[in-house]
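Grab a pencil and work through these exercises with the structure open beside you. Try each task yourself before you read its solution.

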Amino acid sequence: MPIIVNLDVMMAKRKISAGELAERIEITPANLSILKNNKAKAIRFSTLEAICKALDCQPGDVLAYTDEEADRKE
């Protein structure tokens, strides 16, 4: 998938555990793990907003785009 979730990087920078973040943004630890491990197929804007609020960051700090096809050609 060309969208990369850098949630673990932001969590490390903010020194927050997965359990604490899940509690703050009111999602299950299992769903946070799916998102954190880049296994999610979608994210609600309300969840992204809650993540950004909890981590004091911007959506671009959490999500990144990569052109997989261009990466494979190199």
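**Exercise 1.** Which residues are buried in α1? Work out how they sit around the helix.

*Solution.* Keep in mind that you're looking at a predicted model.

Step 1: pick out the buried residues of α1, which are Leu-7, Met-10 and Met-11.

Step 2: see what covers the buried residues of α1. The cover includes β1 (3–5), α2, α3, α4 and α5.

**Exercise 2.** Repeat the analysis for α4 (residues 45–55), and find out what its buried residues pack against.

*Solution.* Step 1: list the buried residues of α4, namely Thr-47, Leu-48, Ile-51, Cys-52 and Leu-55.

Step 1: look at their arc around the axis. It is only 135 degrees, which puts these residues on the same side of α4.

Step 2: name the packing partners. The buried residues of α4 pack against α1 (7–14), α2 (18–25), α3 (29–36), α5 (59–62) and β2 (63–65).

Step 3: check the residue just after α4, Asp-56, which takes a positive phi of about 50 degrees.

**Exercise 3.** Zoom in on Cys-52: is it buried or exposed?

*Solution.* Step 1: locate Cys-52 in helix α4.

Step 1: compare its accessibility with the cut-off. Buried means under 20% relative accessible area. Cys-52 has 11% relative accessibility, so it counts as buried.

Step 2: find its contacts, skipping neighbours within four places in sequence. Cys-52 touches Cys-57, Gln-58 and Pro-59.

Step 3: take a distance. Cys-52 and Val-62 are ten residues apart in sequence, and their C-alpha atoms are 8.0 Å apart in space.

**Exercise 4.** Which residues of the largest nonpolar core touch the most other members?

*Solution.* Step 1: this core has 17 residues, and those touching the most other members are Leu-7, Leu-21, Ile-51, Leu-55 and Val-62.

Step 1: ask where the core residues come from. At least two are supplied by each of α1, α2, α3 and α4, and α4 gives the most, with four residues.

Step 2: follow Leu-7 as an example. Beyond its neighbours within four places in sequence, Leu-7 has contacts that include Leu-21, Ile-51, Leu-55 and Val-62.

**Exercise 5.** Find the partner that forms a salt bridge with Glu-20.

*Solution.* Step 1: the count comes to one salt bridge, and Glu-20 forms it with Arg-24, their closest N and O atoms being 2.6 Å apart.

Step 1: check accessibility. With a relative accessible area of 34%, Glu-20 is partly exposed; Arg-24, at 48%, is partly exposed too.

**Exercise 6.** Which residues line the largest pocket?

*Solution.* Step 1: the pocket holds about 170 Å³ of space.

Step 1: read off the lining, which is made by Ile-27, Asn-31, Ile-34, Leu-35, Ala-40, Ala-42, Ile-43, Arg-44 and Thr-47.

Step 2: look for the main contributor. α3 gives the most to this lining, with three residues.

Definitions and conventions:
Residues are numbered from 1 along each chain as its sequence is written. This is a predicted model: local features need pLDDT of at least 70, side-chain atom pairs count only at pLDDT 80 or more; totals for chains, interfaces and linings use all residues. Side-chain values use heavy atoms; hydrogens and water are left out. Buried means under 20% relative accessible area, exposed over 50%, partly exposed in between (1.4 Å probe, protein chains only). The arc is that of the directions from the helix axis to the C-beta atoms. Contact means heavy atoms within 4.5 Å. A salt bridge is a side-chain nitrogen of Lys or Arg within 4 Å of a carboxyl oxygen of Asp or Glu. A nonpolar core is a set of buried Ala, Val, Leu, Ile, Met, Phe, Trp, Tyr and Cys residues joined through side-chain atoms within 4.5 Å. On a 1 Å grid over the protein atoms alone, a cavity is a set of points where a 1.4 Å probe fits but cannot get out, and a pocket is an open set with protein on both sides within 12 Å along at least five of seven lines; lining residues have an atom within 4 Å of a point. Grid points are joined across faces, edges and corners, and a volume is the space filled by probe spheres set on the points.
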